[in-house]
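Welcome! Take a look at the model below, and then we can walk through it together, topic by topic.

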Amino acid sequence: MKTVLLLSALLYAALAVPAEDNHEASAQEFEGADTPQSRFSFCPDGWFSYGSRCFKFINSPKSWISAEEYCNSLGGNLASVANPREYSFLQQMTQTAGRTTAWLGADTPQSRFSFCPDGWFSYGSRCFKFINSPKSWISAEEYCNSLGGNLASVANPREYSFLQQMTQTAGRTTAWLGGFRLQNQWLWIDREGFYYTNWYSQSSSSSYSCLYLQSAYGWSNTQCTCSYPFICSKNPFGC
């Protein structure tokens with residue numbers, strides 16, 4: 001799994017953060033003109049303001065998910081980028097720390113907001129959780145039910161890309177989704193409308209009635225008795 005360092009962004013007014021550790025770049029290194037800007041009153045110690053947000057460079061390599069969890073523990077998220085000047089600012093932070101790469105939030109699995117419990121990640125209006133324990137489709141759905149959710153449905157291409165990234169981050173290439181065929185019609189187990197489709201290959205065999213994601217391609221269908229890891233989703237207001 002790729003492991004580099006990370007940038008974290010506190011999206012609004014800064015929350016309390018833990019004491020600095022030895023892996024964090026010194027605040028004094030960033031002070032001065034045309035470099036990551038000085039800390040204003042709304043940013044806590046060790047954070048630097050740019051525009052309306054606070055940023056902090058963490059010089060301790062982690063996986064993407066571990067980096068996001070660390071940012072969550074500071075009251076923030078992995079950084080998104082709004083414009084070229086902001087990206088240049090983040091590049092300067094990275095260079096000042098003596099690094100050439102850093103994790104960003106981008107369009108990858110997003111942060112857990114207050115309505116998602118630990119281990120779940122939000123995207124759009126739902127919470128998602130990757131279960132890295134292969135099961136049959138029915139057993140996977142039952143497990144998601146025990147968590148208060150269902151196997152995940154997919155509403156649009158960006159959401160599918162997000163789920164692909166979750167799968168890749170877990171070191172997997174396939175994962176069950178909530179699609180199933182009933183009376184020659186494809187449905188989602190969570191009762192969402194099956195309007196968006198992204199078939200890479202589709203078998204017409206009546207025994208291939210369950211749908212799975214492929215991390216590098218569109219989805220396919222296979223026998224429901226196959227064992228795959230899987231992705232659960234649930235309504236945030238039920239989390």
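Predicted model: local features only at pLDDT ≥ 70, side-chain atom pairs only at ≥ 80, totals over all residues.

Residues are numbered from 1 along each chain as its sequence is written, and side-chain values use heavy atoms, with hydrogens and water left out.

Two terms will come up again and again. A residue is called buried when its relative accessible area is under 20%, exposed when it is over 50%, and partly exposed in between, using a 1.4 Å probe and protein chains only. Helices (H or I, at least four residues) and strands (E, at least two) are DSSP runs, numbered from the N terminus.

**Disulfides and other cysteines**

- Searching the whole structure turns up three disulfides, where a disulfide is a pair of cysteine sulfur atoms within 2.5 Å.
- One of them joins Cys43 and Cys54, with sulfur atoms 2.1 Å apart, and its angle of -95° about the S-S bond makes it left-handed. This pair links distant parts of the chain: Cys43 sits in the loop between β1 (4-10) and β2 (48-50), and Cys54 in strand β3, 11 residues apart. Cys43 and Cys54 are buried.
- Another joins Cys144 and Cys232, whose sulfur atoms are 2.0 Å apart. The torsion about this S-S bond is about -80°, so the disulfide is left-handed. Because Cys144 lies in helix α3 (residues 137-146) and Cys232 in strand β12 (residues 228-234), the pair ties together parts that are 88 residues apart in sequence. Cys144 and Cys232 are buried.
- Cys210 and Cys224 also form a disulfide, with 1.9 Å between their sulfur atoms. Here the torsion is about 95°, so the disulfide is right-handed. Cys210 belongs to strand β10, while Cys224 lies in the loop between β11 and β12, 14 residues apart. Both Cys210 and Cys224 are buried.
- Cys226 counts as partly exposed, at 23% relative accessibility.
- Cys71 is buried, with a relative accessible area of 0%.

**Salt bridges**

- There are three salt bridges, counting a side-chain nitrogen of Lys or Arg within 4 Å of a carboxyl oxygen of Asp or Glu.
- Arg53 and Glu86 form one of them, at 2.6 Å from N to O. Arg53 is in strand β3 (residues 53-62) and Glu86 in helix α2 (residues 84-96), so to speak two distant parts of the chain, 33 residues apart. Arg53 and Glu86 are buried.
- Arg126 and Glu159 form another, at 2.7 Å from N to O. Their pair links strand β6 (residues 126-135) with helix α4 (residues 157-169), 33 residues apart.
- Asp190 forms a salt bridge with Arg126 too, the closest N and O atoms being 3.5 Å apart. Asp190 lies in the loop between β9 (185-188) and β10, 64 residues apart from Arg126.
- Are its members buried or exposed? Arg126 is buried at 12% relative accessible area, Glu159 is buried at 6%, and Asp190 is buried at 19%.

**Nonpolar cores**

- In soluble globular proteins, nonpolar side chains tend to be buried together.
- A nonpolar core is a set of buried Ala, Val, Leu, Ile, Met, Phe, Trp, Tyr and Cys residues joined through side-chain atoms within 4.5 Å.
- The largest core has 20 residues, of which Phe128, Val154, Leu163, Leu177, Trp219 and Ile231 touch the most other members. Helix α4 gives the most to this core, with four residues.
- Apart from this core lies another, of 16 residues, among them Cys127, Ile131, Cys210 and Cys232.

**A strand pair**

- Strands β10 (residues 210-214) and β11 pair in the antiparallel sense over four bridges; two strands pair if DSSP finds at least two bridges between them.
- A hairpin of two residues joins β10 to β11, and Leu211 has Asn221 in β11 as its bridge partner.
- Five of the six residues of β11 (residues 217-222) are buried, so this strand is largely enclosed by the rest of the structure.
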